[in-house]
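Welcome, and please open the model in your viewer. We will go from stop to stop, selecting a few residues at a time.

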Amino acid sequence: MTAMPDLLYDESEEDLRASLRALLSDVDRWPAALARIDGGEPYDAKLWRVLAGEMGLAGLLVPEGHGGAGAGHRVAALVLEELGRAVAPVPYLGSAVVATTALLTCGATDLLRPLAEGDAVAALAVPFSRSPYDRALYDRVAERDGGLHGTITSVADALPADILLVPAADGLWAVDAEAPGVTRTPVVSLDATRQLCDITLAGASGQRIAGAETGRVAVRAALTTGAALLASEQLGVASWCLETTVAYVKERRQFGRPVGSFQAVKHRLADVWVDVTQARAVARYAAASAGEPGGEAEVAAALAQAHCAPVAVHAAEECVQLHGGIGFTWEYPAHLYLKRAKAAAIAFGTPDRHRAALGQLVDLPAA
Amino acid sequence: MSANTWEAAELRSLAKELVARHPVDGDPLAFLRARFDAGLAWVHFPVGLGGLGAPRALQSAVDEELAAAGAPDNDPGRIGIGLGMAAPTILRHGTPAQQRRFLRPLWTGQEVWCQLFSEPGAGSDLAAVGTRAVRDGDAWVVSGQKVWTSLAHKARWAILLARTDPDAPKHQGMTYFVCDMTAPGVEVRPLRQITGEAEFNEVFLTDVRLPDDLRLGAPGEGWAVARTTLMNERVAIGGTPVPREGGPIEPLVRAWREWPEVRTAGLHDELMRLWVRAEAARLTGARLRQQLAAGEPGPEGSAVKLTHAMLTQRITGLELEVLGEAGLRHDDWTLRRPERTDVLDRAATHRYLRAKGNSIEGGTSEVLRGIIAERVLGLPAEPRTDTTVAWKDLPR
């Protein structure tokens with residue numbers, strides 16, 4: 001077994017956290033987010049321009065020689081943690097993590113540069129619910145008569161994308177999202193801050209960036225890295241839910257005293273705190289292990305989703321419950337966190353799939 | 001030398017010098033005394049009391065060096081209460097004479113300690129203790145009953161919390177003593193428990209005379225002294241590093257690998273849930289140690305005991321189900337007096353039953369959740385009615 005990696009945050013990560021939190025703590029954020037959802041334009045293009053363009057955060061995983069910052073997974077995970085705290089509607093996970101990892105694995109460096117520099121957004125065209133262990137990812141799209149044909153449903157971060165990375169039986173294809181024959185249909189999504197869409201390809205032309213085998217390796221790596229770093233987003237969601245709920249139950253009075261002085265409430269929040277504390281260690285481990293050779297990245301990613309996904313859901317459910325009636329309203333943001341947490345627990349495979357995969361990875365067979 | 005100028009390398013070389021001067025294969029007690037006198041017992045203690053005033057985190061460098069040299073162990077499994085609870089309390093509240101008298105034989109294991117805190121009517125509500133201590137000239141006369149006392153039958157000394165002023169509110173009327181376990185009037189009876197064995201004792205104190213120089217801290221300030229003890233009891237700093245699948249889950253995963261015929265889908269998912277939680281707890285412990293090493297201790301330590309209790313109970317429960325027929329068979333119900341709580345050499349049924357104590361002993365899980373809620377999350381305390389009334393007037 002490898003030595004235990006550093007699970008703390010370093011000074012530059014804390015500096016980045018502070019500037020992200022300042023950027024994301026705009027007081028008009030919730031009304032603006034709800035207005036975007038009601039207006040059918042969930043993505044915050046202006047925020048994305050700042051993150052990807054001005055701050056250069058879309059290129060954290062990309063080496064400097066290809067236009068990125070070469071900063072690695074731990075820093076990208078920190079960014080996701082803060083984006084999770086804000087349920088920020090930007091395609092960071094889909095473009096800067098998942099699609100970027102696929103392109104890096106294929107060595108498609110000419111497509112990487114515009115992503116890293118914030119000039120383009122890319123999405124891996126697989127259903128958001130697919131786990132790294134799914135085999136049925138390559139049978140939806142086929143090349144026929146020089147064009148790609150097929151339908152892929154419930155794809156995340158593809159609506160704002162310029163480039164779609166499409167797995168097919170014969171390899172991985174890069175398709176211009178605006179090209180003739182490409183249709184993207186928005187889906188009414190549980191998580192409206194990360195809206196899904198269905199993609200139909202009817203004779204769309206594309207560029208094959210990897211053959212069948214490399215394509216499969218790239219898709220698995222992309223989904224594994226996505227699962228590993230999604231844990232940090234889930235940590236951010238859970239942290240916000242815990243802190244906001246603790247602050248609320250200190251203020252809210254019922255039966256003549258603060259709600260947070262009741263043992264029934266205190267014990268539930270103590271349990272959430274223990275869970276979040278552990279989720280932080282697990283998410284940092286997944287970030288530190290991402291991209292590591294020798295299968296530990298897969299163990300760490302499966303562990304992270306098996307642990308952090310339920311923690312975020314539980315924290316968000318407690319947030320709604322312990323806020324009482326206000327937690328059930330549209331105007332209060334608790335529902336955005338619950339929706340993000342539950343959708344994220346399905347993304348890249350449900351916790352039970354990751355537990356089953358872990359059983360294989362650590363030699364604890366199911367039967 | 002100031003605390004932060006010490007480095008692990010320096011302490012390692014001091015440990016090497018000790019081994020060079022005092023061969024590890026001689027009299028174990030003589031070696032341990034020499035180690036204490038060299039300040040390598042607990043390096044964060046003051047010079048002259050077994051330490052060097054060095055950072056606590058550097059102890060592991062000394063321990064590793066001496067373990068590698070094959071030096072004798074001071075047997076912390078047997079002297080844990082002395083090391084973990086009595087010693088830090090004596091260091092903080094004891095007189096120089098008490099520190100000189102007690103710390104060295106405590107650390108070497110020559111004198112075993114126990115803790116006379118809990119009573120039949122004062123468990124989680126420890127400040128409700130009713131054992132009386134009455135001043136009589138230059139001594140105190142102690143009467144009452146204590147319970148759940150590990151190692152009382154081996155102990156030379158005990159830390160004792162007793163009520164000295166029944167007219168004061170309950171937290172203010174207590175005094176803290178060191179109890180001489182060989183004094184007339186101390187009677188120790190084994191307390192048989194759920195596993196059939198007796199790790200613990202009942203201790204009956206009948207007119208036990210304790211000289212006043214066994215008092216620790218001022219009369220009436222026993223609660224403040226006891227809090228030092230309790231805080232040290234709960235300094236769960238993540239423990240020592242364990243490998244993946246180390247600790248309570250080890251026998252479960254071994255059973256799973258060895259017994260393919262009992263595997264079912266339901267057991268498998270539960271196994272993996274517990275594997276994930278055990279690994280999460282392990283990583284949390286590792287992160288906690290990294291925080292301590294970086295000099296920024298977080299509050300995560302208070303989660304460790306809570307998590308450990310829950311996990312051990314669930315793991316040992318699943319282990320019985322995985323074992324099936326073997327899980328129905330216990331190894332031994334005869335009354336034993338184990339010196340340690342090592343459970344890996346016992347039947348799985350023993351592990352299952354013993355784990356039920358993990359959420360009760362050393363602060364129940366309910367009490368720990370209350371502590372996390374109030375001290376870590378800053379939630380308001382429960383309203384109380386027992387803090388201003390004289391102890392003798394409280395309903396019991």
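Predicted model: local features only at pLDDT ≥ 70, side-chain atom pairs only at ≥ 80, totals over all residues.

A:Glu11 has a relative accessible area of 67%, so it counts as exposed, the cut-off being over 50%. The residue sits in helix α1 of chain A, which covers residues 11–24.

Next, select residues 212–251 of chain A, which make up helix α7. How far apart are the end C-alpha atoms of this helix? They are 58 Å apart. That agrees with the span that 40 residues should have at 1.5 Å a residue, which is also 58 Å. Show the rest of the structure around α7(A) as well: 29 of its 40 residues are buried, so the helix is largely enclosed.

Now go to the loop between α4 (73–85) and α5 (92–106) of chain A, and pick A:Val87 there. Is A:Val87 buried or exposed? Its relative accessibility is 3%, so it counts as buried, since the limit for buried is under 20%. Look at the backbone here too: phi of A:Val87 is near 30°, a positive value in a residue that is not glycine.

For the last stop, select strand β3 of chain A, residues 147–156, and find A:Ser154 within it. A:Ser154 is another non-glycine residue with a positive phi, about 55°. With a relative accessible area of 27%, A:Ser154 is partly exposed.

Note on methods. Residues numbered from 1 in each chain as written. Chains lettered and ligands numbered in written order. Heavy atoms only, no water. Helix = DSSP H or I, 4+ residues; strand = E, 2+ residues; numbered from the N terminus. Buried < 20%, exposed > 50% of the residue type's maximum accessible area, 1.4 Å probe, protein only. Expected span 1.5 Å × (residues − 1).
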